[in-house]
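Dear colleague,

I am handing over the structure we spoke about, and I would be glad if you could look through it alongside the notes below.

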Amino acid sequence: MHTSLTDIAGSDGSIFELLPDMFLLFDEDGTICDLRHPQPELMSGKPEDYIGRPVSAELLRQMIGDESGELLEALRTGRAQRLEYGRRDEKGRTHRCEAHLIRLGTGHLLADMRTVRRESAPSESARLRLFFEQVLDRIAIPVSVKSMESGRCIFQSKKADMIGLTAEARADGTEERFMPSENAEEVRRIDSMLADGRLDKYEGIETRTLNDGQEHKFAVTRTPFRFGDERFILCSAQDISELEATRTSLLRTQYELARKNMTLSSVLSLARVIPWECDLKKRTFYCDYKAYHPTHSAGPDEQGRYVIPMDQYFAGIHPDFRQQAIRMIDELVEGVRKEFNETYLVHWFNNREWEWVQVQSGVAEHDAEGQPVHLIGSAQRITEQKRMEMALREASEDLTVKNATLSSVLSIARVIPWFGDPDAGIFWCDYDTYHPAGATGPDASGNYTLSVKAYFNRIHPDYRAQALDQYTDLVEGRIGELHETYPVHWNDDREYEWVEVQSSVSRQSPDGKTRRLFGSARVVTAQKRMEESLCEAKEQAERSNTLKSAFLANVSHEIRTPLNAIVGFSELLAQSDNEDEKREYLGIIRNSNALLLQLIGDILDLSKIEAGTLEFTFADHDLNALLEELEQTARMKVADSGIEVSCTGRVPGHMIRTDRGRLLQVLHNFINNAAKFTRKGHIRFGCRRHIDGRWYFYVEDTGCGIPADKTQSVFERFVKLDHKEQGTGLGLAISKSIVERLGGEIGVASAEGQGSTFWFLLPAGSITPPGHEEAAATGAPASAATPAKATGQTTILVAEDDAANYKLFEVMLRKHYALLHAWNGRQAVELYREHRPEIILMDIRMPEMDGYEATAAIRKLSASVPIIAVTAFAYPEDMRRILASGFNGCLPKPVSADNLKRKISEFCRDTEA
């Protein structure tokens, strides 16, 4: 049971029944114990809804309305005092109420509550309030009306609730209810100046804290007006915070629009709202504001309203929107719609420039038949907003294009921008080029997400721990940024790509912890492979340099060996008188000379192979003729009659397209090696079709064979299995390079003590069977031999500018030929014209006229005389030029007597050699 007023008053309790006031009794804990004389003007609901319940802000708001805050504070302090507040009943009427709080001796608190007065107004006041509620409540900005007679707020639009108090809480209240006292005093000062005419209108920027706790900037307009004999202040507040935020966003995202944004920001004006009404019977519009009324129009009527005929109203609307505006009014009149909200271009405010306005309207009054007779509405000038919308749209479109361009550029550059949230443990990015195919699709924002754990699991295990340590240091603030490169597999577990990752912190918490990361991942697989290739090339270059040093050492050794024999035995030859010794010494010198020539030739070939300039001249040749020529040459080299030399694999009628010299060079190397190591048995060679379709060339011998552990090294440079035998150790290495350049494969099959078979395979298409091609001539062109003179000796013209070289030719040839000597090309032409020799030996490099020029001049005198170039220019390209310049043959220096006589006999076959 709760204590009642009767329990406290005792025998005097009947006094409460005699008083008309409403009484509320509270105990020491603030619980409502009793309630007498409930009145609808003072409270809502029934007494039983509240008795026994503790006092709270929600309970008092439900009971007496929004202005219950002061009463709640007074109840909590428990001090006796008088309070006054306003309350709107269920019929919408506003009452002024007062409450007297009395502390009783029992500790209870008694509230004596009564109505001071109820606001009532004549019909004009009701009409004014109806106008406020139906017109100003439709405006998209906070609007309030203050009576200067009472100094209190008599109306607040619903939009004004955002500033703090509700319309009901502010009704009939002063400025102190919703702003600091110093601000309230300034507002009253301004309103006083507006009311007595010292100030026509007030416009300013004010900062207000809204219900969301954030400070907002408002453009505030205060304008005085009269209604009957009463003076009022109309206050509107336009929140311009969003406009400033939009301007800031434009400045940040679009620097090229900065000038325009600065211009727009400087001309942003306060929102201007024109309330109006329309008398449909009179077809007339009325508005209360003269600020935007055309100066040439009539002044206000007796009620201070500006009158605009409907035809003039529609004439001020742009033709493109005029019919739409007329249709909106017609639909309101016909009851098709109750209200409309449209945007037009108008020139109501001047005749020179169209401006955008947002027009809102609805029906305010109907006649007895229910037909609309009165419209109310507003027109807000939104030209600046429209311009801003257009600028934003252009900026958005431009930003979209730039984002697409940036996305394409980043995709082409293989750069992936990304962001990370360490707290959530996720990374996300905008680009899906390298997103795993099996992963989830983009979220609502178009971002692809990947957990931190999943990301690090995709890093190669060798780099994972280091990458995770760097990430941890970055998140915990030990480092400010990271730059790492490691392999990652984006799409599967089979292939890794090298990724260059850079990251930094974009947001930190007050304690220094990282809350947001941003960075980029650039795929650098190609660059990494290039780096590896460069490293390999560097290592290869270093190895080549080492090999070069070893090569030079070997070359020096190999050259000095025959030179030592040549120099030494040449001196001994000059000192010896024994003919047998001389013959022996000459044989040694000749062999050493041949070895030295072979070494120089091999070194030249090897240098061209390393430089990649070893040239090949391909032509069609009769393969069987090549093998027969090789057989004859081999038999001459193998003087031992106990060794059979034969071609056992012939291919009659087959043509081979190859470089004849290079092919024979390989086969000669094989046969020379076989001859060195074969003491008895046979040396057989030939060609046949291999099982895989390629052509198999072989040289088989019954020599000493090669140990099994040496067969893989015989094709390396300077490898000699028996250092007692003459040779450079380069022949097989050069042969391997030549065969590979011909598209073939080389090898050896051997067993120690059982002989060897050196072989190589050429592509199937390199040899053509009979009937599939035209026969091709082989060998160098030759002219018919010139018959010897009647003396029986052939005359040879030797064009040589070096006396020592000519002396060598003279010693070699004087026993068998008559010689003419020309010291230069010009003298060679004159001697040929005078003596007509049968054959000419022509040096290439000579004074006055070189060998090419001399040959060209002689060819004008004779097209058939054989001219043989004897030159130190021994490269294949030199040979081709010589043969193309009118020479019949070529003999490279140094020249041996046998080679020289053999070459001469090719062109003078009936002469003695």
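Predicted model: local features only at pLDDT ≥ 70, side-chain atom pairs only at ≥ 80, totals over all residues.

To begin with the helices, the axes of α18 (residues 660-677) and α19 (residues 731-741) come within 10 Å of each other and cross at roughly 145 degrees, and the crossing in which α18 passes α19 is left-handed. On the α18 side the contact is made by Arg662, Gln665, Val666, Asn669, Phe670 and Asn673, while α19 contributes Gly731, Leu732, Ile734, Ser735, Ile738 and Val739.

Turning to the aromatic rings, a search of the whole structure finds 20 aromatic pairs, and two of them are described here. One is formed by tryptophan 276 and tyrosine 313, whose ring centres lie 6.5 Å apart with 50 degrees between the planes, an arrangement classed as tilted. Because tryptophan 276 belongs to strand β11 (residues 272-279) and tyrosine 313 to helix α10 (residues 310-315), this pair ties together parts that are 37 residues apart in sequence. Both partners are buried, tryptophan 276 with a relative accessibility of 6% and tyrosine 313 with a relative accessible area of 7%.

The other pair is that of phenylalanine 697 and phenylalanine 760, which counts as stacked because the ring centres are 4.9 Å apart and the planes are at 5 degrees, where under 30 degrees is the cut-off for stacking. This pair, too, links distant parts of the chain, with phenylalanine 697 in strand β27 (residues 695-701) and phenylalanine 760 in strand β29 (residues 756-762), 63 residues apart. Phenylalanine 697 is buried at 0% relative accessibility, and phenylalanine 760 is likewise buried, with a relative accessible area of 1%.

Lysine 528 lies over the face of tryptophan 498, at 4.6 Å from the ring centre, and arginine 881 lies over the face of tyrosine 852, at 4.0 Å from the ring centre.

Definitions and conventions
Residues numbered from 1 in each chain as written. Heavy atoms only, no water. Axes fitted to C-alpha atoms, helices over the stretch in contact; angles between N-to-C directions. Helix = DSSP H or I, 4+ residues; strand = E, 2+ residues; numbered from the N terminus. Left-handed = near helix turned anticlockwise from the far one by under 90°. Contact = heavy atoms within 4.5 Å. Phe/Tyr/Trp six-rings, centres within 6.5 Å; stacked < 30°, edge-to-face > 60°. Buried < 20%, exposed > 50% of the residue type's maximum accessible area, 1.4 Å probe, protein only. Lys NZ or Arg CZ within 6 Å of the ring centre and 35° of its normal.
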